[in-house]
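Work through the two exercises below with the structure open. Each task is followed by a solution in steps.

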Amino acid sequence: MDKLNIQLVTGIFVLLGIATFTYQAVSIGGVSFSEQAGYTLTARFDSISGLREGAVIEAAGVRVGTVSGISFDPDNYQAIVSLRVNEGVPVSEDATASIRTQGIIGEKFVKLSQGGFPDMLGDGDEIAATESAISLEELVGQYIFQSDAAQ
Amino acid sequence: MRAALEKLGAVVLGWLEHTGRTFNLLLLVTVELLQPPYRFYPVVRQMYFIGARSLTLIVVSGLTIGMVLGLQFYNILQRFGSVDLLGAGVSLSVIRELGPVMTALMVVGRAGSSITAELGIMRITEQIDAMDCMAISPSKYLIGPKLLAGLLSVPLLTMVFDFVALFGGYFVGVVMFGVAEGSYVNGMIDTVEWSDVRIGLEKSLIFGLLVTLICCAEGFYMHLTKAGSQGAEGVSSVTTDAVVLSSIAVLYSDFLIEALF
């Protein structure tokens, strides 16, 4: 095969490889070059067990943002979660953030429930009302130990 | 007793020497490649041979593996009534594990064996010594382009493999068994993260380097091994060694990468 043909076929091969890589990185891997417009809220939880960075934030079942950071507050022994909420999704001052599970063994996500206050939270504000992750084991444990104590 | 120990020691020393020689070659070629003159066309030719000519094999095997995975996962998930996880299962196992490993093994079988045979024959017919006499560095001229081409081609092939395997899984799940298209595609998007794609890419880079390095070193240094004195038979035996060694290297380094990162 002559030189030109080899270069042509190799070029097609390289383009094919780069195209499939881009598809995987952008479409499946979720790499975005421009960060979606939005604002960041924080929330404190007693337990976020199982929640990971990049987890989904849902309001009424619709995806409205992602968990952008998780840190630990040693003073109160609480978890501080940064929530990146999309532009155009208002969150009122008395909204509730709760950690829920998709199905019984599914992934953890943050559920936002809107409150009734007219004032909305802005960038960097904290959501005061939170509900921690529900641990099935703890619930069962409580039940067992309570019934032990009652006897 | 002593004779047995000596034999054992000789085997171990031989293996250590073998490994050292292989990685010495990597260092040597890296240093040589950094010095001018830079020649690009030989790299393109090797990429044509290692990469472009392997595309058919990669596409066919990717499609088959994707379809098999789709079938297997479907059968298992169906029992738990969670066929919605099909896309997640297929895509995660293909992108993280099967894509890089299968591609590397395919490249070993198709291109690696012929690299070893080519270099081995050049060695026994004294073509490599002739280059030395003409003050052409055989490691730079022969091995440099192959290493670069392997390093570039294997990741590209892996990406093609992943894509085709995902399509194979999609075909079995959505077209044949009627899993909802949205749950397949969204399961894939939700589960696979950039870190998974990145690990797949890093693995394939490492595999590409390892496979071409081992296959080149086996052929290039065949005169230093016991088989090297046996002429044509020696070439066939180092080619077998190269395939076995690089397959083991791929599988074991896959385990190491998975355990460490």
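**Exercise 1.** Decide whether R123(B) is buried or exposed, and list its contacts.

Solution.
1. R123(B) has a relative accessible area of 10%. Buried means under 20%, exposed over 50%, and partly exposed in between, with a 1.4 Å probe and protein chains only. R123(B) is therefore buried.
2. The residue belongs to helix α4 (residues 86–124) of chain B; a helix here is a DSSP run of H or I with at least four residues.
3. Leaving aside neighbours within four places in sequence, R123(B) is in contact (heavy atoms within 4.5 Å) with I128(B), D129(B), G219(B), F220(B), M222(B) and H223(B).
4. Two of these partners return at atom level. The side chain of R123(B) reaches the backbone oxygen of F220(B) at 2.8 Å, and a polar contact of 3.1 Å joins it to the side chain of H223(B). A polar contact is a pair of N or O atoms within 3.5 Å, one able to donate a hydrogen and the other to accept it.

The model is predicted, and local features need pLDDT of at least 70, side-chain atom pairs 80 or more. Residues are numbered from 1 along each chain, chains are lettered from A, and side-chain values use heavy atoms.

**Exercise 2.** Describe how α1(A) and α2(B) cross.

Solution.
1. The axes, lines fitted to C-alpha atoms, of α1 (residues 3–28) of chain A and α2 (residues 41–50) of chain B come within 9 Å and cross at roughly 65°.
2. Therefore α1(A) is roughly perpendicular to α2(B), a term for angles of 65 to 115 degrees.

Technical notes: Axes fitted to C-alpha atoms, helices over the stretch in contact; angles between N-to-C directions. Helix = DSSP H or I, 4+ residues; strand = E, 2+ residues; numbered from the N terminus. Parallel < 35°, antiparallel > 145°, perpendicular 65-115°, else oblique.
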